[in-house]
There are 2 protein chains.
Amino acid sequence: MEAALKAMSDPTRRKILQLVQNEEMPAGAIASNFPVSRPAISQHLAVLKSAGLIDERRSGVKRLYRTRVAGMAELKVFLEMFWDVRLERLKAAVEADIKKEESCDDDVQN
Amino acid sequence: MEAALKAMSDPTRRKILQLVQNEEMPAGAIASNFPVSRPAISQHLAVLKSAGLIDERRSGVKRLYRTRVAGMAELKVFLEMFWDVRLERLKAAVEADIKKEESCDDDVQN
DNA sequence: TATATCTGTAAGTTTACACTTACGTAAGGA
DNA sequence: TCCTTACGTAAGTGTAAACTTACAGATATA
């Protein structure tokens with residue numbers, strides 16, 4: 001999660017994410033969209049991959065990249081919890097109640 | 001926007017944002033929550049302020065900080081556009097149509 | 001097998017950044 | 001006025017990170 005946010009903070013990596021959001025794309029094709037060298041993009045891809053934001057698939061000599069929806073979703077959830085700490089506190093309070101009561105439903109409203 | 005994302009990518013700054021989200025807090029009180037030196041926190045506060053994520057208000061010798069809701073909202077909107085580029089592309093297509101048609105309504109559905 | 005293609009990795013450089021200590025500054029109290 | 005409080009700012013340091021060129025590895029193709 002920490003890694004995902006850090007990965008997103010770089011503009012080149014954000015542009016990469018947008019490039020491969022709707023279609024698989026080989027590393028070379030991705031790199032051709034940027035003014036920097038191909039190895040630089042390869043390193044960015046490694047960062048994005050280790051952050052869980054893209055998937056890599058090998059097809060012959062090529063490596064195809066695509067945004068990892070699950071990773072983006074996790075980040076989205078994390079940030080949405082962040083937007084309103086009050087909501088988080090409410091959730092924590094509810095979870096504390098759960099502990100005591102040993103029964104629950106987990107819909108939380110603001 | 002770039003600055004806001006970069007500011008959010010640091011864990012200390014994220015914790016600061018959470019600390020001052022619901023209440024104004026003087027710099028010293030903020031700093032007391034962290035293991036690093038007070039000037040370090042002061043620098044983090046400057047980063048957050050120039051990113052538009054916090055407001056500063058002076059009260060006597062103290063400086064009170066608080067999360068800037070508008071800044072957080074802008075960041076949230078930016079990221080929500082980012083989550084689904086298809087939605088963005090659809091919006092762009094609609095706007096292109098508007099240009100041609102010279103009339104519109106701007107509700108976009110997925 | 002030899003070779004071209006597509007790519008990651010290594011090594012080195014430069015810049016950015018998080019941090020430290022030392023100092024400057026403005027407001028309030030004795 | 002003198003001193004304390006509550007800060008920001010300056011200067012310097014160590015580490016991370018984004019980039020470069022050079023090289024290595026794996027796959028297809030002749």
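Guide: In this predicted model, strand E3 of chain B, residues 62-67, is joined to E2(B) by six bridges, and the two strands run antiparallel. One residue pair within this arrangement can be named: B:Glu56 has B:Tyr65 in E3(B) as its bridge partner. The sheet of chain B is an open one of three strands, ordered E1-E3-E2, with antiparallel pairing. Its edges are strand E1 (25-26) and strand E2 (54-59), each of which pairs on one side only. As a general point, strands of a sheet pair through backbone hydrogen bonds, in either a parallel or an antiparallel way.

E3 of chain B also takes part in the surroundings of the DNA. It is among the elements that each supply at least two residues of the surface near DNA strand D; the others are helix H3 (27-31) and helix H4 (38-50) of chain B, and helix H4 (38-50) of chain A. There are 22 residues around DNA strand D, and those that come nearest are A:Ser37, A:Gly60, B:Pro26, B:Gly28 and B:Ser42. Sorted by class, this surface has eleven nonpolar, eight polar and three charged residues.

DNA strand C is surrounded by 24 residues, of which A:Pro26, A:Gly28, A:Ser42, B:Ser37 and B:Gly60 are the closest. Two or more residues of the surface near DNA strand C come from each of helix H3 (27-31), H4 and strand E3 (62-67) of chain A, and from H4 of chain B. H4(A) gives the most, with six residues. The surface near DNA strand C has eleven nonpolar, eight polar and five charged residues.

Helix H5 of chain A (residues 69-83) packs with helix H5 of chain B (residues 69-83) at an angle of about 160°, and their axes are 12 Å apart. Angles over 145 degrees count as roughly antiparallel, so H5(A) is roughly antiparallel to H5(B). The crossing of H5(A) past H5(B) is left-handed. On H5(A) the contact is made by A:Met72, A:Lys76, A:Leu79 and A:Trp83, and on H5(B) by B:Met72, B:Lys76, B:Leu79 and B:Trp83. Six residues of the contact of H5(A) with H5(B) are nonpolar, two are charged and none is polar.

Definitions and conventions:
Residues are numbered from 1 along each chain as its sequence is written. Chains are lettered from A and ligands numbered from 1 in the order in which they are written. This is a predicted model: local features need pLDDT of at least 70, side-chain atom pairs count only at pLDDT 80 or more; totals for chains, interfaces and linings use all residues. Two strands pair if DSSP finds at least two bridges between them. Helices (H or I, at least four residues) and strands (E, at least two) are DSSP runs, numbered from the N terminus. A residue is near a molecule or strand if its C-beta atom, placed from the backbone, lies within 6 Å of it. Ala, Val, Leu, Ile, Met, Phe, Trp, Tyr, Cys and Pro count as nonpolar, Asp, Glu, Lys and Arg as charged, and the others, Gly among them, as polar. Axes are lines fitted to C-alpha atoms, for helices over the stretch in contact, and angles run from 0 to 180 degrees between N-to-C directions. Angles under 35 degrees count as roughly parallel, over 145 as roughly antiparallel, 65 to 115 as roughly perpendicular and the rest as oblique. A crossing is left-handed if the near helix is turned anticlockwise from the far one by less than a right angle, and right-handed if clockwise. Two residues are in contact if their C-beta atoms, placed from the backbone, lie within 7 Å.
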